[in-house]
Amino acid sequence: MRRMQLQVLGPADFLKMPWKNGQGVTTELAVARQPGDDGFDWRISTATVANPGPFSVFAGIDRTLAIVRGGTLTLNVEGRPDVTLTTRTPPYAFGGELAVSSTPTLETEGVPIDDFNVMTRRAGWQHTLAQHHLGDEALTWTLPAGDDAVAFLYCAAGDVRVVFGDSQIVNLPAAHALRIDGETGELRCELRATTGAADVFLTSLSRR
């Protein structure tokens, strides 16, 4: 069993890159790299969407998408009814090999939508993604179990205090993340907004 490791990440740690199809820009927040065409076992990222267009194709990859800010995004996914995502709709999961196009409706003209994206290689990994608006009440987050499991908290707005059972505390400002590695067995932490309200994205990654 590995001991729990905490890593606070900020904008200086994130990597910007063009979309695989060249139609936009992705900011990579965390990744498990591997050789191959797509180059990862899993990846957590944000992206800006300003114009209608297709998504990149990622064969064998499970994807989940959520909206951070900036408007709404209507997805046309191969074989499914169209769906419109907002900051208040649940994250939307789909296969990376499906043909997908999107149409953004911008809140402010000229200011693109920011989305949050989690991808895992289906053959070996699985993930969950949840988004929460924190107010006065604390939120309890159960972390994934397993030596290779990873928990990842991204603070999109506001400030968040993360308290673990042993009273270890981590404070996260907006646009920062907390990566948690290496704990086997059930572990919980408490999340609380420290400036009135906060928006967080919670990702769990584990091997199949």
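**Labels and their grounds**

Author: This is a predicted model. The chain exposes about 10000 Å². Carbon and sulfur atoms supply 49% of that area.

Reader: What makes the radius of gyration agree with that of a compact globule?

Author: Set the value against the rule. The rule is 2.2 Å times the number of residues to the power 0.38. For 208 residues, that puts a compact globule near 17 Å, and the chain has 17 Å, so the two agree. Along its principal axes, the C-alpha trace spans about 45 × 40 × 30 Å.

Reader: How many helices and strands does the chain have?

Author: Zero helices and 19 strands. A strand needs a DSSP run of E at least two residues long.

Reader: Why is strand β4 called mostly covered?

Author: Buried means under 20% relative accessible area. In β4, residues 40-49, nine of the 10 residues are buried. So the label "mostly covered" follows from that count and the cut-off. For the chain, buried residues make up 46% of 208.

Reader: How do you know that β4 pairs with β3?

Author: Pairing takes at least two bridges between two strands. Strand β3, residues 25-33, and β4 have eight, in the antiparallel sense. Therefore they count as paired.

Reader: What makes β4 and β11 a pair?

Author: The criterion is again at least two bridges. Eight bridges join β4 to β11, residues 113-121, and the strands run antiparallel. So this pair qualifies too. Here Ser 45 has Asn 117 in β11 as its bridge partner.

Note on methods. Residues are numbered from 1 along each chain as its sequence is written. This is a predicted model: local features need pLDDT of at least 70, side-chain atom pairs count only at pLDDT 80 or more; totals for chains, interfaces and linings use all residues. Side-chain values use heavy atoms; hydrogens and water are left out. Helices (H or I, at least four residues) and strands (E, at least two) are DSSP runs, numbered from the N terminus. Buried means under 20% relative accessible area, exposed over 50%, partly exposed in between (1.4 Å probe, protein chains only). Accessible areas come from the Shrake-Rupley method with a 1.4 Å probe; for residues, only the protein chains shown count as cover.
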